[in-house]
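Keep the model open while you read.

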Amino acid sequence: MRLRHVALLRGLNVGGKNRLAMADLVGVFERAGCSEVRTYIQSGNVVFTVSAALVRTLAYTITDAVAHEFGLRVPVVLRTAEALALVVADSPFATADPAALHVMFLATAPSASAVAGLDPKQSPGDRFVVRGCEVYLHCRNGM
């Protein structure tokens, strides 16, 4: 069975650093066994279809391929299309101004002690909630 996924490659094409053409990135995903590969602007965000068997190691495969082919070491975070829809539906700040809402996607869920170590008073007026591998942010004062 092949499912739709999203890959978020961290730190690509940001501030003129880690430049990678999206056409080259599409090729990396296709060579890794993905199909229907599409990128979003120059962001390093990729939508694709892949089998359940391949997706288990895909983040490592893509990370290694980008490092080997382009000399860039960038983390890759994967989510299914269904998981992304749940992130939107599960937002603890659903009634807030959408322009002030953000989600950070983590590769793994943080430990309870790491979450407990976050200081909610660090940015007065802003709020956050950690749920699984996502950190929901409500930044009323902007990012």
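The points below go from the overall layout to one helix pair and then to a pocket.

1. First, some housekeeping: this is a predicted model, where local features need pLDDT of at least 70 and side-chain atom pairs count only at pLDDT 80 or more, while totals for chains, interfaces and linings use all residues. Residues are numbered from 1 along each chain as its sequence is written, and side-chain values use heavy atoms, with hydrogens and water left out.

2. The protein chain has four helices and seven strands; these are DSSP runs numbered from the N terminus, helices being H or I of at least four residues and strands E of at least two. The C-alpha trace spans about 45 × 35 × 30 Å along its principal axes.

3. Now find helix α1 (residues 22-31) and helix α2 (residues 52-70), which pack at an angle of about 130° with their axes 10 Å apart. Axes here are lines fitted to C-alpha atoms, for helices over the stretch in contact, and angles run from 0 to 180 degrees between N-to-C directions. α1 and α2 are therefore oblique to each other (under 35 degrees is roughly parallel, over 145 roughly antiparallel, 65 to 115 roughly perpendicular, and the rest oblique).

4. Who touches whom? On α1 the contact (heavy atoms within 4.5 Å) uses D24, L25, V28, F29 and R31, and on α2 it uses L58, I62, A65, V66, E69 and F70. Sorted by class, that makes eight nonpolar, no polar and three charged residues (Ala, Val, Leu, Ile, Met, Phe, Trp, Tyr, Cys and Pro are nonpolar, Asp, Glu, Lys and Arg charged, the others, Gly among them, polar).

5. Last stop, the lining of the largest pocket: which element gives the largest share? That's β6, with three residues. α4 (112-116), β6 (127-131) and β7 (134-138) are the elements giving two or more. By class, the lining has twelve nonpolar, two polar and three charged residues.
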